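Here is a short report on a helix pair and a few backbone details. Look at the sequence and the model first.

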Amino acid sequence: MPIINRIGDYHEEMKEWRRHLHAHPEIMFDCHNTAAFVVERLREFGIDQIETEVATSGVVAIIEGQGEGPTVGLRADMDALPMPEETGLDYASTVDGAMHACGHDGHTTMLLGAAKYLAETRNFKGRVALMFQPAEEGGGGARVMVEEGVLDRHRVEHVYALHNLPGLPVGSFETVAGPIMAAVDTLNINITGKGAHAAYPHEGVDPVICAAALAQNLQTIVSRNVNPMDQVVLSVTQIHTGTVHNVIPDTAMLQATLRTFKTDVRDMVVHRIAEIVAGTARAFGVTADYCLEDGYPATINDPDMTKFAANVAAEIAGEDLVNTDAAPSMGAEDFSFMLNECPGAYLFIGNGDTAMLHNTGYDFADDASVHGASFFARIVEKSLS
């Protein structure tokens with residue numbers, strides 16, 4: 001079965017929605033205008049069970065089916081990125097320093113398209129909870145929604161989400177059972193030595209040398225402590241120290257990102273970080289402290305829900321355009337907080353030959369909207385039949 005014909009009829013309307021959202025991006029939890037646009041559309045569809053200001057600016061809407069049954073949750077993220085747009089499009093961002101460079105404008109549009117169809121047909125039993133979420137890009141809006149009781153309050157039993165993927169043909173889907181996106185944590189290390197004139201280094205204790213050594217020593221964790229069959233990335237991304245060329249500074253700071261899939265592997269890496277920071281500091285005669293900021297947990301797809309979702313995607317796209325053996329990504333996704341609470345699946349949908357995500361030249365492919373909306377609608381109809 002291809003895309004739902006009725007949703008195909010919405011294509012031009014969905015394109016208008018998406019391009020409006022693209023031109024008016026909002027960042028993190030400050031998605032109030034986006035939420036207002038979503039609520040206006042939902043009311044036009046005849047949906048009146050709407051919660052606003054969820055996780056500050058999120059929206060949760062409930063569509064009742066025809067008869068008793070469970071609740072299925074569908075999630076779309078709404079926030080943009082704090083970066084400039086360089087697409088030159090007629091509908092490019094009108095907000096300086098903000099851009100929909102990850103396609104959340106498209107994700108919101110796909111869920112709105114599904115909402116319009118489901119509100120019109122209601123060809124299912126039970127309920128669907130439409131969750132329009134702020135702050136996926138670093139704020140953990142999904143975590144806040146969970147903490148505010150959205151899943152519990154609406155008795156959501158299964159949850160699903162889509163994310164566009166440049167390079168994958170429009171109309172295609174891919175996913176994998178089990179881990180699909182990595183956990184992410186942020187490492188901060190502060191080094192304190194003793195400043196001195198650069199001409200007399202023996203009179204000080206140089207934190208710069210220690211910082212350089214730490215940047216290298218930390219890499220040995222992945223190369224020598226992690227089983228090569230496990231997937232771990234530890235990247236030092238910032239080193240800040242000093243002010244002028246002829247002064248050895250008192251302090252230095254490093255920042256790094258840690259990405260893992262397995263809890264036990266993460267625990268081992270964290271243990272080795274502590275040992276290496278302490279040991280390297282002693283070797284150079286400085287003091288050093290570190291903290292690890294917990295980020296998003298790994299996104300783990302439920303095997304049964306993933307198989308079900310892939311079968312639904314195959315009905316829309318055809319089996320040849322659904323890959324169920326996608327390589328897990330070292331990127332992170334806060335939908336993981338929802339999957340930690342109830343089973344579900346996260347899938348990628350093709351965005352075609354476009355610029356990559358988080359790129360100033362990126363744009364969501366409008367032709368993908370009808371495929372994503374059809375997927376969401378069929379998930380509801382098939383699981384609540």
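## How H4 crosses H12

In this predicted model, H4 and H12 cross in a right-handed sense. Helix H4 covers residues 104-121, and helix H12 covers residues 369-383. Their axes lie 8 Å apart, at an angle of about 45°. An angle between 35 and 65 degrees is neither roughly parallel nor roughly perpendicular, so H4 and H12 are oblique to each other.

Which residues of H4 and H12 make the contact? H4 brings Thr109, Met110, Leu111, Gly113, Ala114, Tyr117, Leu118 and Thr121. H12 brings Ser369, Gly372, Ala373, Phe376, Ala377, Arg378, Val380 and Glu381. Nine of the contact residues are nonpolar, five are polar and two are charged.

## H4 itself

H4 is 18 residues long. From first C-alpha to last, H4 reaches 26 Å, close to the 26 Å expected. H4 is mostly covered, with 16 of its 18 residues buried. Just after H4 comes Arg122, with a positive phi of about 45°.

## Two loop residues with positive phi

Ala135 is not a glycine, yet its phi is positive, about 60°. Ala135 sits in the loop between strand E4 (127-133) and helix H5 (141-147). Its relative accessibility is 0%, so Ala135 counts as buried.

Arg155 is not a glycine either, and has a positive phi of about 50°. Arg155 belongs to the loop between helix H6 (150-153) and strand E5 (156-165). Is Arg155 buried or exposed? Arg155 is exposed, because its relative accessible area is 56%.

Definitions and conventions:
Residues numbered from 1 in each chain as written. Predicted model: local features only at pLDDT ≥ 70, side-chain atom pairs only at ≥ 80, totals over all residues. Heavy atoms only, no water. Axes fitted to C-alpha atoms, helices over the stretch in contact; angles between N-to-C directions. Helix = DSSP H or I, 4+ residues; strand = E, 2+ residues; numbered from the N terminus. Parallel < 35°, antiparallel > 145°, perpendicular 65-115°, else oblique. Left-handed = near helix turned anticlockwise from the far one by under 90°. Contact = heavy atoms within 4.5 Å. Nonpolar A, V, L, I, M, F, W, Y, C, P; charged D, E, K, R; others polar. Expected span 1.5 Å × (residues − 1). Buried < 20%, exposed > 50% of the residue type's maximum accessible area, 1.4 Å probe, protein only.
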